[in-house]
Amino acid sequence: MCMYERFLDQITDFIFVETAVEQADMIFVPGNGYPQMAERAAGLWRQGMAPYVLPSGRYSICEERFAGAADKKDAYAGDYGTEWEFLREVLLKNGVDERCILKEDRASYTYENAIYSRQVTDAQGLKIQKAILCCKSYHARRCLLYYQLLFPETEFYVAPSETEGIGRSSWYRTELGIQTVLGELERCGGQFHQIIGDLERV
């Protein structure tokens with residue numbers, strides 16, 4: 001294997017986290033406008049893999065409103081005020097009992113998804129010993145790092161979904177894939193630099 005291929009493999013293995021899924025206490029869905037992650041979560045819930053699903057999100061910190069479904073717009077054409085409302089609708093349309101969907105609709109970026117989700121589970125008195133994280137495939141590492149930081153006692157299983165044609169075997173073949181994945185790599189360094197600094201000062 002040439003050095004370039006090894007370089008790509010190392011980035012791929014770091015960013016595109018995926019694990020086997022086992023029985024858990026919660027399924028987390030970080031906020032976004034794509035339905036695939038909530039569809040995956042609904043499928044796992046129907047299989048009895050966890051009793052609750054907690055989608056999280058208001059809308060992007062860069063936007064003043066939720067822009068609607070970014071994919072499968074015919075299936076999810078509603079007027080949703082937040083990412084949570086959208087993800088809730090996806091879950092309901094895919095068979096999740098409304099009573100099993102928890103609510104977090106304040107978060108505007110990934111770290112807040114984890115922070116506010118922890119506040120929800122604490123308020124509900126839920127002890128999350130094991131959890132499934134349903135996120136975008138290229139977003140998996142950063143999501144996992146954030147949720148592990150807020151749920152340090154929890155064992156996580158990562159069940160990602162591919163969106164925008166960006167997957168572990170193809171990301172380096174398109175300009176969009178390269179920009180997106182290398183952007184995630186940069187964020188893992190840049191954003192955690194501040195977080196680690198804050199934690200060291202506590």
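First, some ground rules. This is a predicted model, so numbering runs from 1 along each chain as its sequence is written, local features need pLDDT of at least 70, side-chain atom pairs count only at pLDDT 80 or more, and totals for chains, interfaces and linings use all residues. Side-chain values use heavy atoms, leaving out hydrogens and water.

**Stop 1: helix H2**

Select residues 36–46, which make up H2. Helices (H or I, at least four residues) and strands (E, at least two) are DSSP runs, numbered from the N terminus. Nine of the eleven residues here are buried, so H2 is largely enclosed by the rest of the structure. Buried means under 20% relative accessible area, exposed over 50%, and partly exposed in between (1.4 Å probe, protein chains only). Among the buried ones are Met37, Leu44 and Trp45. Now show what covers them, including strand S1 (26–29), strand S2 (53–55), helix H3 (83–93) and strand S3 (130–133).

**Stop 2: H2 against H3**

Next, pick out Ala38, Glu39, Ala41 and Ala42 in H2, which meet Leu87, Val90 and Leu91 in H3. Contact means heavy atoms within 4.5 Å.

**Stop 3: the sheet**

Colour the four strands: they form an open sheet in the order S2-S1-S3-S4, with parallel pairing. Two strands pair if DSSP finds at least two bridges between them. S2 and strand S4 (155–158) stand at the edges with a single partner strand each, so one side of each has no neighbour in the sheet. Zoom in on S1 and S2, which are joined by three bridges, and find Ile27 opposite Val53 in S2.

**Stop 4: two loop residues**

Jump to Lys72, in the loop between S2 and H3. Its phi is near 55 degrees, a positive value in a residue other than glycine. Finish at Glu164, in the loop between S4 and helix H6 (175–200), where phi is near 60 degrees, also positive. Glu164 is partly exposed, with a relative accessible area of 33%.
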